[in-house]
Amino acid sequence: MAAQRQYEELARQLSAIGAVKRGLGRGLPHDCPAGSAAVLILLDRHGEMRMSRLAELLAVDMSVTSRHVAHVAERAWIHRDPDPADKRSRILRLTPTGKAKVDELSELSIRTLTHYLHDWTDDEVVQLSTLLARLRDSFGDCRAASARLPLSPHDTQTTPETTRTPA
């Protein structure tokens with residue numbers, strides 16, 4: 001197990017990830033902010049789904065998901081079709097235009113990462129990807145009720161709240 005100082009340094013480095021994400025976000029097309037990009041990428045990766053499932057994968061409330069979905073639907077990047085099993089629900093699916101936008105976003109991400117990581121070896125990129133995937137797996141489903149943080153010895157609260165993290 002890592003020492004206290006190693007966890008402190010890890011916490012500092014993880015807080016800097018926000019700056020990296022913002023840097024990547026600044027490179028997105030103006031018509032496709034980060035939330036919209038996340039919707040398209042998740043639909044591409046997981047296939048058609050209900051909005052409730054998309055909200056789970058995004059780890060955000062339905063109201064936030066609805067805004068993102070409305071944005072991509074207005075641009076004809078997705079279809080919102082009635083769910084045959086429940087006419088009150090909608091099934092979200094990418095359109096060919098949406099798939100083209102996903103391809104554009106993927107190419108843009110690759111170019112951006114290639115630019116910033118130009119001096120990294122292939123092995124270093126693979127190692128970072130592997131470790132980030134392992135970190136995400138270690139946290140599991142951060143939205144689950146069972147994913148509670150351990151209480152500190154000074155904490156009298158019996159049910160701490162979890163924080164949401166994007167999928």
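Student: Which residues does His71 touch, not counting residues up to four places away in sequence?

Tutor: In this predicted model, His71 touches Asp31, Pro33 and Ser36 once residues up to four places away in sequence are set aside. His71 itself is found in helix 4, which covers residues 62-74.

Student: What makes Lys101 buried or exposed, and which residues is Lys101 in contact with?

Tutor: Lys101 is found in helix 5, residues 96-116, and its relative accessible area is 8%. Since the cut-off for buried is under 20%, Lys101 is called buried. Leaving aside its neighbours within four places in sequence, Lys101 is in contact with Pro29, Asp31, Cys32, Leu40 and Trp77.

Student: How do you know whether Asp123 is buried or exposed?

Tutor: The value for Asp123 is 63%, and a residue is called exposed when its relative accessible area is over 50%, so Asp123 is exposed. Asp123 is found in helix 6, residues 122-139, and, together with Asp119, Asp122 and Glu124, it forms a negative surface patch.

Student: What makes that patch of Asp119, Asp122, Asp123 and Glu124 negative?

Tutor: Asp and Glu count as negative, and the patch is formed by Asp119, Asp122, Asp123 and Glu124.

Student: Which residues make the nonpolar surface patch, and which helix gives the most to it?

Tutor: The nonpolar patch is made by Tyr7, Leu10, Leu14, Ile17, Val20, Leu24 and Leu113, and it has an area of about 570 Å². Helix 1, residues 4-26, gives the most to this patch, with six residues.

Student: What is said about phi in Ala59 and in Ala76?

Tutor: Phi of Ala59 is near 60°, a positive value in a residue other than glycine, and Ala76 has a positive phi of about 65° although it is not a glycine. Ala59 is found in the loop between helix 3 and helix 4, while Ala76 lies in the loop between helix 4 and strand 2.

Student: How do you know whether Ala59 and Ala76 are buried or partly exposed?

Tutor: With buried meaning under 20%, Ala59 at 3% relative accessibility counts as buried. Ala76 has a relative accessibility of 42%, a value between 20% and 50%, so Ala76 counts as partly exposed.

Student: What makes the pair of Lys99 and Asp44 a salt bridge?

Tutor: The rule asks for a side-chain nitrogen of Lys or Arg within 4 Å of a carboxyl oxygen of Asp or Glu. The side chains of Lys99 and Asp44 meet at 3.2 Å, N to O, and the pair is therefore called a salt bridge. This pair links distant parts of the chain, with Lys99 in helix 5 and Asp44 in helix 2, 55 residues apart.

Student: Why is the pair of Arg93 and Glu48 said to tie together parts of the chain?

Tutor: Arg93 forms a salt bridge with Glu48, the closest N and O atoms being 2.7 Å apart. Arg93 lies in strand 3 and Glu48 in the loop between helix 2 and strand 1, so the pair ties together parts that are 45 residues apart in sequence.

Student: Where do Glu56 and Arg53 lie, and how many residues apart are they?

Tutor: Glu56 and Arg53 both lie in helix 3, three residues apart, which is about one turn of the helix. Their side chains meet in a salt bridge at 3.2 Å, N to O.

Methods. Residues are numbered from 1 along each chain as its sequence is written. This is a predicted model: local features need pLDDT of at least 70, side-chain atom pairs count only at pLDDT 80 or more; totals for chains, interfaces and linings use all residues. Side-chain values use heavy atoms; hydrogens and water are left out. Patches are made of residues with over 30% relative accessible area and no salt bridge: like charges are joined within 9 Å, nonpolar side chains (Val, Leu, Ile, Met, Phe, Trp, Tyr) within 5 Å. Accessible areas come from the Shrake-Rupley method with a 1.4 Å probe; for residues, only the protein chains shown count as cover. The place of a charge is taken as NZ of Lys, CZ of Arg, CG of Asp or CD of Glu. Helices (H or I, at least four residues) and strands (E, at least two) are DSSP runs, numbered from the N terminus. Buried means under 20% relative accessible area, exposed over 50%, partly exposed in between (1.4 Å probe, protein chains only). Contact means heavy atoms within 4.5 Å.
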